[in-house]
Amino acid sequence: MRLIRGRRELLSGILSKYTDRDACTCQLVELQKQVPSLYALLSVNACALALTHYALAPAWLTVALPGGMIGLCALRAVHWWRLRPQDISGPEALKRLRGTTILTVLFSAFFVVWAMMLNGYGGPFEQGHVAIFVAITVIACIFCLTHLPAAALLVTVIVIGGFSIHCFATGNDVFIAIALNTAFVAVVMVRILVNNFLAFLQLIASKAEAQRLSAENER
């Protein structure tokens, strides 16, 4: 508890040293480098999962649903690629970050539900592919959303939570072990993400302080 309280105090102190515009704009700049890669990875993984279940599941599960979501991923990737975060004001940047968080949660919820629906088709190899899809998805989201920890945490809870419930419901010891192992890895990665984000905030605060001192020296 003391460690958690210390981290909260550290985060609060850092947040008080820079403006919302500085923080949100820097987050958008970093996310622009990572989010298109996240959408590309989700699209490729979805194509692979749909392909392995194409002959086993209905066409609406292997063609229609993933095709529509991959199209949305492509549109979002192009949107992020064309974004110019340096020209976005502080309030607008904050609004875009919140919108990104909401969309990320919706995308992750859809993909995990879709994967669980496909898990009812095929044999142990196809079911193993579903488990790998879920694990890779949550790991990729955590890495690519390092500078948006709220979205990364929500994605982790939704994906791992849904996957774990499904695995425990099957009663299969192997799938239960996979769910527990994936959850443990995700928790460790989220902890690392929080540490990296705190370092990111410290860097922003140090840069702002250096600019302030430089302006004072110039005056």
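A: Helix α1 (residues 2-15) has the lowest confidence in the protein chain, with a mean of 48, whereas α3 has the highest, at 91. These values are pLDDT, the predictor's confidence in each residue on a scale from 0 to 100. Over residues 13-19 pLDDT stays under 50, and the model has 11 contacts beyond four places in sequence for this stretch; a contact means heavy atoms within 4.5 Å. For the protein chain, the mean pLDDT is 83, and 89% of the residues reach 70 or more.

The model is predicted: local features need pLDDT of at least 70, side-chain atom pairs count only at pLDDT 80 or more, and totals for chains, interfaces and linings use all residues. Residues are numbered from 1 along each chain as its sequence is written, and side-chain values use heavy atoms, with hydrogens and water left out.

The protein chain has seven helices and zero strands; these are DSSP runs numbered from the N terminus, helices being H or I of at least four residues and strands E of at least two.

The largest nonpolar core has 51 residues, of which F111, W114 and L145 touch the most other members. Such a core is a set of buried Ala, Val, Leu, Ile, Met, Phe, Trp, Tyr and Cys residues joined through side-chain atoms within 4.5 Å, where buried means under 20% relative accessible area with a 1.4 Å probe, protein chains only. Helix α2 gives this core its largest share, 10 residues. Beyond its neighbours within four places in sequence, L145 contacts L31, L38, T104, A151, A152, V155 and L193.

Definitions and conventions
Buried < 20%, exposed > 50% of the residue type's maximum accessible area, 1.4 Å probe, protein only.
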